[in-house]
Amino acid sequence: MLVYALKRLLWMLPVMLGVLIIVFTITYFTPGDPIAAMLGPGYTPERYAQKAAELGLDQGYFIRLGKYIWNAFVRFDLGRSYLSNLSISDEIAARFPITLCIGVLTIFVMAVVGMPLGIFSAIRQYGAADAALTVAALVMNAIPAFVFALLSLILFGVVLRWLPVNGLGSWKAWILPVVTSALPGIAVVMRMSRTTMLEVIRQDYIRTARSKGLKEGVIIRKHALKNCLIPLITVTGGFMTSVLAGSIIVETIFGIPGLGMYLMGGIIGRDYPVINGSVLLISLIVCILNLVVDLLYAMIDPRIKAQYSAKKGKIKKSGGTLPPVNEGGAA
Amino acid sequence: MSLLQINDLTIHYVTRGGTVKAVNGIDLSIEAGRTLGLVGETGAGKTTSALGILGLIPKPPGKIISGQILFEGADLLKASQGKMRMIRGNDISMIYQDPMTALNPILRVGDQISEVIIQHSGCSKAEAREKSEGMLETVGIRAERAADYPHQFSGGMKQRAVIAMALACNPKLLIADEPTTALDVTIQAQVLEMMRELKDELGSSMLLITHDLGIVAETCDDVAIMYAGEIVEIGALERIFHNPRHPYTLGLFGSIPSLDKDVRRLNPIPGLMPDPADLPSGCKFHARCAHACDDCGSGSTELCETERGHFVRCRRVAGGEI
Amino acid sequence: MKRNKSDAPSALADVTRKRGQWSDVLSRLFRNKIGLLGVIIVLLLVVLTVFAPLFTRYPYDAQSFPDRFKLPDASHIMGTDNFGRDLWTRLLYGGRISLLIAILASVISNFIGVFIGSVSGYFGSKTDTVIMRALDILMAIPPLLLAIAISSSLGSGPVNTALAISLSGIPYSARIIRSTVMSIKDSEFVEAARATGSRHLRVIFRHILPNTIAPLIVGATLGIGANIMAISGLSFIGLGVHPPIPEWGSILADGRAYIRDFWPIIVFPSIFIMLTILGFNLFGDALRDALDPRLKD
């Protein structure tokens with residue numbers, strides 16, 4: 001089990017290396033001249049060459065890539081922003097906790113609201129509440145988080161004036177960002193819990209539990225719920241990915257100074273080191289999350305645990321760092 | 001008074017595609033300490049009858065149309081949910097066909113047995129654990145395996161564990177739904193033997209559901225033959241085995257290979273069991289029956305006593321024609 | 001009886017479908033009321049956007065300064081934007097772009113996904129390992145971020161946006177096809193075909209790929225909904241399609257500046273985006289149920 005976790009951690013190295021190469025290559029071959037943009041109009045060729053040398057941009061692809069890998073992997077240094085000349089690692093370190101906080105809260109809201117509703121829906125299958133929840137989930141799942149954000153901004157911030165719509169001044173300011181990021185996820189978790197619950201309560205072992213004379217509540221809690229958790233953890237973990245990626249839009253709309261807003265600034269300013277660094281960090285988090293999800297499986301299901309322990313020598317064949325199916329779409 | 005007396009039990013499944021008439025007016029009774037074998041093909045309504053006794057018919061689509069299930073004189077169909085919960089696992093318990101799926105994969109085997117003990121005796125966790133380990137020993141599994149999960153057990157061991165679970169509260173009635181069908185032939189005999197011994201030890205009655213007449217011959221005191229949701233022949237084991245009267249029962253015996261006689265081919269019953277969503281009128285078996293006459297296709301056929309305690313649902317047998 | 005009802009039609013019988021069954025699929029599709037609603041929404045959108053000039057009397061880029069920020073009335077049913085352009089017109093023309101990109105991206109990513117997925121699933125062993133490892137790496141980058149990176153590199157515009165979105169979607173469609181292929185590969189009729197000496201290509205084209213059509217169609221339809229989401233997101237952050245080409249996301253991005261004072265410019269594009277995604281999701285779900293009746297009880 002521990003061996004398995006270590007193997008997986010080790011496997012993250014080549015994955016991150018691959019991610020780094022992909023991202024670096026994409027931005028390397030991007031047309032446009034960051035130096036010219038930085039210097040503004042009216043620079044001299046000498047000044048240009050000097051700046052290029054200063055940033056190391058006069059070197060070839062492989063040398064720059066090698067340096068970037070060395071700095072990122074060994075010194076945890078992601079370079080400096082073209083625009084502000086500040087250390088990207090420092091900037092990210094300062095901003096990421098905010099994004100992570102919102103992400104974790106989002107996941108929490110998603111699970112706490114979505115799961116009970118889905119289970120309720122399953123237990124009352126074909127009832128009126130089930131139908132209403134099903135329709136609500138369909139609609140919620142069709143609205144991108146940023147559209148939710150804009151609409152709720154109008155409703156709560158402008159029309160009703162209940163909640164602040166910018167920054168993170170008070171605890172109230174967290175409500176809209178978290179809720180709007182969570183809504184599409186609530187829909188997904190709700191549907192998923194409903195389907196799995198319906199599946200699980202048809203299983204023979206539930207009938208066995210019933211024929212033992214257990215109370216329905218105990219059967220759901222003790223026998224059914226835990227068996228539902230695996231697919232739920234998968235979608236929830238997968239949704240964390242979209243929440244992190246979606247933070248770029250949600251943070252921009254609500255004016256939250258997190259990683260997403262930083263990345264947005266990088267995109268607008270064509271500040272490639274910033275884009276590279278942010279994408280790299282988010283990918284790292286995605287990899288770690290996937291590992292956590294897989295280890296959670298083992299904690300819940302003894303069969304999976306046995307499987308992990310049995311395959312000591314090898315990484316699981318079906319894939320090392322599979323991000324689970326991304327249900328909520330991209331944004 | 002019988003331990004269990006079922007009168008005119010009718011259970012249907014009502015779906016959009018039509019009504020599946022799974023059980024159509026069965027009557028049977030089980031005396032204390034005896035074993036009744038309920039025999040029939042897949043789809044004859046055996047499992048539905050068993051689930052009906054425990055009140056575990058999924059509703060919807062299941063619907064109990066009529067009947068009484070008297071357990072120690074009280075009608076289970078009228079019992080409250082709470083009352084039924086006290087009976088399930090305590091007075092009546094059930095062993096299911098497929099041990100592979102009957103145990104919860106993510107709970108320890110021992111805990112799954114303790115659970116039923118705690119539920120019905122209200123004893124402490126520690127006592128329940130001790131008792132459940134004792135039960136495992138009784139069915140021939142070492143006590144320390146109680147901490148294992150089902151996937152660490154073989155099929156035969158799982159079924160033993162299920163049996164331990166079913167017998168943990170000394171039930172008065174044990175319903176065993178094809179308990180050995182999913183097991184290897186060599187294990188089948190062991191498990192069956194063990195069940196019989198334990199049942200005798202506890203003085204329980206048993207309703208054994210099976211399609212295997214060999215098992216019935218070894219295990220049961222009485223036999224009921226079920227076809228298309230009806231009991232077509234019922235009586236003491238010896239009577240049914242030595243003097244089977246219903247053409248369907250005769251057909252069942254005819255389709256068993258025999259070691260004594262040198263037969264080149266088996267004699268299967270021609271045709272298939274009717275679709276329970278679309279049952280024929282008259283005797284349900286008439287379309288496959290070699291002795292059917294024109295009359296058999298209409299009206300209803302009642303059980304009739306051909307000798308003491310031996311009932312047959314066949315007009316032509318009743319009329320003395322065959 | 002009751003227990004076995006759900007798995008009655010065996011998996012094998014189901015994969016060997018014949019052409020006549022497509023009419024079955026259609027009839028099942030149209031019997032599903034919610035699915036029918038999805039079909040209607042999708043058709044309505046396609047008709048409205050493809051024949052946009054028939055449904056509006058304004059050109060999408062006609063500015064009219066005196067008509068700025070008009071609330072919905074008889075002449076402008078959804079009001080006008082900050083340049084006095086008719087919002088209804090812009091949303092119809094914008095829908096052309098959004099739908100076109102979404103469909104194009106879905107087709108591209110599924111096409112490449114089928115290729116990668118079937119090679120990986122069919123040949124297995126080393127080929128599979130290498131491909132799956134590569135996909136693992138791609139999937140470590142959240143699709144939206146990958147699309148952002150590619151899009152910022154390729155530049156804006158409909159074709160580049162379609163490319164960016166389809167590239168980031170390839171690993172997902174490849175995985176779906178791979179698992180389908182792997183399950184079909186082991187079924188008896190494929191073994192039979194191989195045992196009788198059919199060549200790899202023939203087995204793939206004749207026996208395996210036809211059976212991936214159902215999941216492919218479902219995946220592609222659901223993918224269109226997800227793509228609409230991604231496109232509007234990209235345009236919203238200024239990467240996808242740029243003004244003056246109308247696109248739902250970029251209309252929203254433009255409208256953000258006026259969010260406090262003029263609601264129609266946010267609300268109507270949002271409704272269009274929502275309805276489109278809803279339509280394709282319902283359509284896709286209904287298709288899945290219709291194509292695989294085993295999933296329904």
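In this report a residue is called buried if 20 or more other C-beta atoms lie within 10 Å of its own, exposed if 12 or fewer do, and partly exposed in between, with the C-beta atoms placed from the backbone. Helices (H or I, at least four residues) and strands (E, at least two residues) are DSSP runs, numbered from the N terminus.

Please keep in mind that this is a predicted model: local features need pLDDT of at least 70, side-chain atom pairs count only at pLDDT 80 or more, and totals for chains, interfaces and linings use all residues. Residues are numbered from 1 along each chain as its sequence is written, while chains are lettered from A and ligands numbered from 1 in the order in which they are written.

**Chain A and its helix 9**

Let us start with chain A, which has 13 helices and zero strands. Its C-alpha trace spans about 85 × 60 × 30 Å along the principal axes. Of the 331 residues in chain A, 46% are buried. Two residues are in contact if their C-beta atoms, placed from the backbone, lie within 7 Å. Among contacts in chain A between residues at least 6 apart in sequence, 75% join residues at least 24 apart.

Now look at helix 9 (residues 204-211) of chain A. Six of its eight residues are buried, so helix 9 of chain A is largely enclosed by the rest of the structure. The buried ones are Tyr205(A), Arg207(A), Thr208(A), Ala209(A), Arg210(A) and Ser211(A). What do these buried residues pack against? Their partners are helix 10 (216-254) of chain A together with helix 1 (46-54), strand 6 and helix 3 (99-102) of chain B. After helix 9 of chain A comes Gly213(A), with a positive phi near 85°.

**Where chain A meets chain C**

Chain A contributes 46 residues to its contact with chain C, and chain C contributes 39 residues. On the chain C side, helix 6 (125-140), helix 7 (143-154), helix 10 (200-236) and helix 12 (264-291) each supply at least two residues. To sort residues by class, Ala, Val, Leu, Ile, Met, Phe, Trp, Tyr, Cys and Pro count as nonpolar, Asp, Glu, Lys and Arg as charged, and the others, Gly among them, as polar. The side of chain C that touches chain A then has 30 nonpolar, seven polar and two charged residues.

One helix pair here deserves a visit. Helix 7 (residues 145-159) of chain A packs with helix 12 of chain C at an angle of about 145°, their axes being 10 Å apart. Such axes are lines fitted to C-alpha atoms, for helices over the stretch in contact, and angles run from 0 to 180 degrees between N-to-C directions. Val147(A), Leu150(A), Leu151(A) and Ile154(A) meet Ile266(C), Val267(C), Ser270(C), Ile273(C) and Met274(C) across this pair.

Chain B holds an open sheet of eight strands in the order 6-7-8-3-9-10-12-11, with mixed pairing. Two strands pair if DSSP finds at least two bridges between them. The edges are strand 6 (92-95) and strand 11 (304-307) of chain B, each pairing on one side only. On average, neighbouring strands of this sheet are turned by 20° against each other, direction ignored. Helix 6 (residues 155-167) of chain B packs on the sheet, where it touches strand 6 and strand 7 (173-177) of chain B, and its direction makes about 175° with that of strand 6 of chain B.

Is strand 3 (residues 35-39) of chain B mostly covered or uncovered? It is mostly covered, with five of its five residues buried. Thr35(B), Gly37(B) and Val39(B) lie on one side of strand 3 of chain B, and Leu36(B) and Leu38(B) on the other.

| Strand pair (chain B) | Sense | Bridges |
|---|---|---|
| Strand 3 and strand 8 (residues 205-210) | parallel | five bridges |
| Strand 3 and strand 9 (residues 222-227) | parallel | four bridges |
| Strand 9 and strand 10 (residues 230-236) | antiparallel | six bridges |
| Strand 1 (residues 4-15) and strand 2 (residues 18-30) | antiparallel | 10 bridges |
| Strand 1 and strand 4 (residues 62-71) | antiparallel | eight bridges |

Some partners can be picked out by eye. Thr35(B) stands opposite Met206(B) in strand 8 of chain B, and Leu36(B) has Asp222(B) in strand 9 of chain B as its bridge partner. Val223(B) stands opposite Gly235(B) in strand 10 of chain B. A hairpin links strand 1 of chain B to strand 2 of chain B through two residues, and Gln5(B) stands opposite Ser29(B) in strand 2 of chain B.
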